[in-house]
Number of protein chains: 2
Amino acid sequence: MKEFSDIFLERRSIRKYSSKEVGETLLNDLLMMACRTSTTGNMQVYSIVITKDEGKKRELAPSHFNQKMITEAPVVLTFCADFNRFNKWCRLRNAEPGYDNFLSFVTAATDALLASQTFCVAAESKGLGICYIGTTTYNADKIIEILKLPKGVIPVTTITLGWPAEKPEKTDRLPLEAIIHNETYCDYTDESIELYYSEKEGRADSLQFVKENNKDTLAQVFTDVRYKKADNNHFSQILLKVLRDQGFME
Amino acid sequence: MKEFSDIFLERRSIRKYSSKEVGETLLNDLLMMACRTSTTGNMQVYSIVITKDEGKKRELAPSHFNQKMITEAPVVLTFCADFNRFNKWCRLRNAEPGYDNFLSFVTAATDALLASQTFCVAAESKGLGICYIGTTTYNADKIIEILKLPKGVIPVTTITLGWPAEKPEKTDRLPLEAIIHNETYCDYTDESIELYYSEKEGRADSLQFVKENNKDTLAQVFTDVRYKKADNNHFSQILLKVLRDQGFME
């Protein structure tokens with residue numbers, strides 16, 4: 001059992017896993033913990049799809065741009081906004097559900113994301129390693145097909161899980177003052193941006209990153225290489241279509 | 001310090017708080033822990049607005065339908081999707097941000113929600129009580145005004161925080177089998193819905209709830225009283241307008 005503060009302050013995302021499997025009982029215990037998370041009106045409008053099958057992982061991999069954690073991790077969990085189960089219950093109980101709208105998608109996505117983060121903290125407290133895979137919302141349409149998600153269900157995030165086989169360097173964070181605002185939002189000046197981003201920009205790994213990508217600034221690595229406007233626009237259209245197709249834009 | 005499994009399995013949302021204040025150092029420590037949470041590309045595209053001022057709480061209360069926790073809790077935290085800070089950094093570094101789209105809103109909202117849940121687990125591990133306030137996405141437009149959130153910033157969830165002055169009954173949860181799916185989504189039959197919802201429906205508090213609301217079934221309390229189609233449609237339109245106004249639908 002890890003020290004408490006360490007779980008939060010010394011955590012790293014883990015992308016390399018040992019061959020040791022994650023036991024069924026442990027996985028179930030962690031899922032039970034995740035499922036005690038608060039949800040809107042205690043509706044629990046989310047589902048978790050567990051992928052352990054090698055073939056299924058290989059099927060999922062391209063939807064996550066073949067990030068190797070998907071096939072290398074013993075367990076992949078896809079957290080989904082899910083009003084399908086709740087709607088079915090309503091209809092079986094002579095109640096007409098009104099959850100085919102954008103607010104309901106946001107409600108269900110919130111339930112799913114809060115449960116996923118509880119899962120991660122619980123897993124890390126047991127010494128397991130996790131990595132969030134942000135590509136779930138890029139290729140939700142493909143993941144829906146592979147995991148056979150019905151109308152009312154949209155995948156919102158994925159985590160890979162296993163016993164760590166690496167101890168990566170701790171990544172940087174902005175100073176806390178950059179994130180918090182007292183009473184009202186204090187908008188950023190050029191000076192405060194300089195102050196808050198200086199440590200991040202000065203790190204050896206950041207400088208290396210800029211050099212490798214032939215850019216002038218670290219920000220350009222984000223805008224021109226990692227998270228480009230054209231890609232964001234493209235995947236926004238796909239995601240909005242998924243919302244329509246899955247019945248959240250009536 | 002609480003027992004580990006208790007933090008996850010024995011937690012309750014807390015809606016009544018003692019008059020004891022939440023110390024500045026403790027609050028900062030918890031925020032530091034929350035800010036180690038994974039974010040997309042380590043961009044940290046979220047902000048946290050801290051409300052302690054009584055006047056500000058009273059201003060916020062109507063946006064949360066006057067739920068008493070807002071004015072009674074010593075601390076209210078509003079977690080916001082925030083690309084404003086990142087965009088300002090990009091522009092200062094000769095990089096053109098492409099984050100004025102729906103995918104970027106979802107990315108930023110995810111960052112905010114995962115951080116909020118880490119905060120809650122950390123707070124509960126110290127014996128504090130929290131309650132999520134789901135109304136943030138209903139009245140995001142009003143909250144934006146009150147907290148002076150600029151373009152690029154949208155509030156996505158709120159928590160109230162304080163030392164517990166109640167020990168409420170543990171609420172129910174669906175059995176784990178209702179939430180998880182192995183390899184592919186196993187759609188629900190009438191029989192599985194009956195099975196999964198029977199405990200919830202049979203509870204004394206559920207039966208009381210149905211009776212108080214003059215309904216025939218618990219599901220009808222949700223569809224006809226608590227989360228109505230007309231309200232959901234109304235607030236969906238407001239939320240989509242907020243996304244446009246705050247620059248996430250270009």
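What radius of gyration does chain A have, and what would a compact globule with 250 residues have?

**View 1. The overall build of chain A.**
Chain A has a radius of gyration of 20 Å; a compact globule with 250 residues would be near 18 Å, which agrees. This radius is taken over C-alpha atoms, and the globule rule is 2.2 Å times the number of residues to the power 0.38. The C-alpha atoms fill a box of roughly 60 × 45 × 40 Å along the principal axes. This is a predicted model: local features need pLDDT of at least 70, side-chain atom pairs count only at pLDDT 80 or more, and totals for chains, interfaces and linings use all residues. Residues are numbered from 1 along each chain as its sequence is written, and chains are lettered from A and ligands numbered from 1 in the order in which they are written.

**View 2. Helices and strands of chain A.**
Chain A has 12 helices and 5 strands. These are DSSP runs, numbered from the N terminus: helices are H or I, at least four residues, and strands are E, at least two.

**View 3. Where chain B touches chain A.**
The contact takes 93 residues from chain B and 93 residues from chain A. Two residues are in contact if their C-beta atoms, placed from the backbone, lie within 7 Å. On the chain B side, helix α6 (residues 102-125) gives the most, with 12 residues.

Strand β5 (residues 180-182) of chain A pairs with strand β1 (residues 46-51) of chain B. The sense is parallel, over 3 bridges. Strands pair if DSSP finds at least two bridges between them. I180(A) has I48(B) as its bridge partner in β1(B).
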